[in-house]
Amino acid sequence: MGKLIDGKKFADNLCNKIAEEVIKLKDKNITPGLAVVRVEGDPASAVYVNMKAKKTKEVGMHSVIKILDKNTSQDDLLKVVEELNNDKSINGILVQLPLPKQINADSVINTINPDKDVDGFHAINTGRLWTNIDSLVPCTPLGCKMLLLDELKDLTGKKAIIVGRSNIVGKPMASLLISENCTVTIAHSKTENLKDEVKKSDIVIAAVGVPEMIKGKWIKPGATVIDVGINRIERGGKQKLVGDVEFEEAKKVAGAITPVPGGVGPMTIACLLHNTLVATCKKNNKEIPKFF
């Protein structure tokens, strides 16, 4: 039976450490500020933004939320982003995705000052990540890396497979694992013989967005499984959250595995606050604390 990796506990500990660092910065008259911009139209986004604001305040940071009408034009959204770029009280900017169809998300993301891009999605931060230049790293992959290092200590020489190739998780995850000296395979829903590829892997990162696509019998005995997926399905007449991995079967053979919910999810917001703290320290020429 695999060990459950408690992402909520890790995230809570990380937030406590961040709060301690915020106190130290406030003693120097520096208050980290995080601005989240949301365009109305997606109900789930409202929930996520409120959670982010709540956690931002809990660690002692300055929280700003900008809510725009669902019919907002791209130009109007870009003006809001530019205002935040020029706002010295704001160290981190996040534009909540998805955006309405009249707005090009890439244009918006790449308008954010890269040094305030706490989502780590700007093309400049992507380039910095892949060329080993210090950068702001996408939150979910960063959280996955923290959980892996906490569990395994050293990833050198491990065979890792990432199932999913998105710019948000799959691609940056590959870069982070390569930097930790893993041998990395990037797979996806169209990979041939996916089962065989997974079976060879010491680390499995599931981020494909298909409920329970990765079967428990595919997992190599003793492997570490990080399930990024969060899918709402109906089972037995009830709504249930499941990951991209067949959890009940996988945990029988995995060495360690993240549950859904309570695994990777809480790490994403914690890493958003981590990135805001990092951006604040860089801007003010303060030493960046090491949490992992």
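This talk goes through a sheet, a hairpin, a helix pair and one histidine.

First, the ground rules. The model is predicted, so local features need pLDDT of at least 70 and side-chain atom pairs count only at pLDDT 80 or more, while totals for chains, interfaces and linings use all residues. Residues are numbered from 1 along each chain as its sequence is written, and side-chain values use heavy atoms, with hydrogens and water left out. Helices (H or I, at least four residues) and strands (E, at least two) are DSSP runs, numbered from the N terminus. Two strands pair if DSSP finds at least two bridges between them.

Now the sheet. Six strands make an open sheet with parallel pairing, in the order β1-β11-β8-β7-β5-β6. The edges are β1 (3–4) and β6 (183–187); each has a single partner strand, so one side of each lacks a neighbour in the sheet. Inside the sheet, β8 (residues 224–227) pairs with β11 (residues 256–257) over two bridges, in the parallel sense.

Contact here means heavy atoms within 4.5 Å. Axes are lines fitted to C-alpha atoms, for helices over the stretch in contact, and angles run from 0 to 180 degrees between N-to-C directions. Helix α6 (residues 139–152) touches β1, β7 (203–206), β8 and β11, and its direction makes about 160 degrees with that of β8. Helix α7 (residues 170–179) touches β5 (159–163), β6 and β7, at about 170 degrees to the direction of β5.

Next, the hairpin. Strands β9 (residues 231–235) and β10 (residues 238–242) pair in the antiparallel sense over five bridges. Asn231 stands opposite Val242 in β10. Two residues lie between the strands, and Gly236 takes a positive phi near 60 degrees.

On to the helix pair. The axes of α1 (residues 7–26) and α10 (residues 265–283) come within 9 Å and cross at roughly 20 degrees. That makes α1 roughly parallel to α10 (angles under 35 degrees count as roughly parallel, over 145 as roughly antiparallel, 65 to 115 as roughly perpendicular and the rest as oblique). Among the residues that meet are Phe10, Leu14 and Ile18 in α1, and Met267, Leu273 and Leu277 in α10.

Last, His188. Where does His188 sit? The loop between β6 and α8 (194–199) holds His188. His188 is buried, with a relative accessible area of 19% (buried means under 20%, exposed over 50%, partly exposed in between, with a 1.4 Å probe and protein chains only). Leaving aside neighbours within four places in sequence, His188 is in contact with Val163, Gly164, Arg165, Leu194 and Met213.
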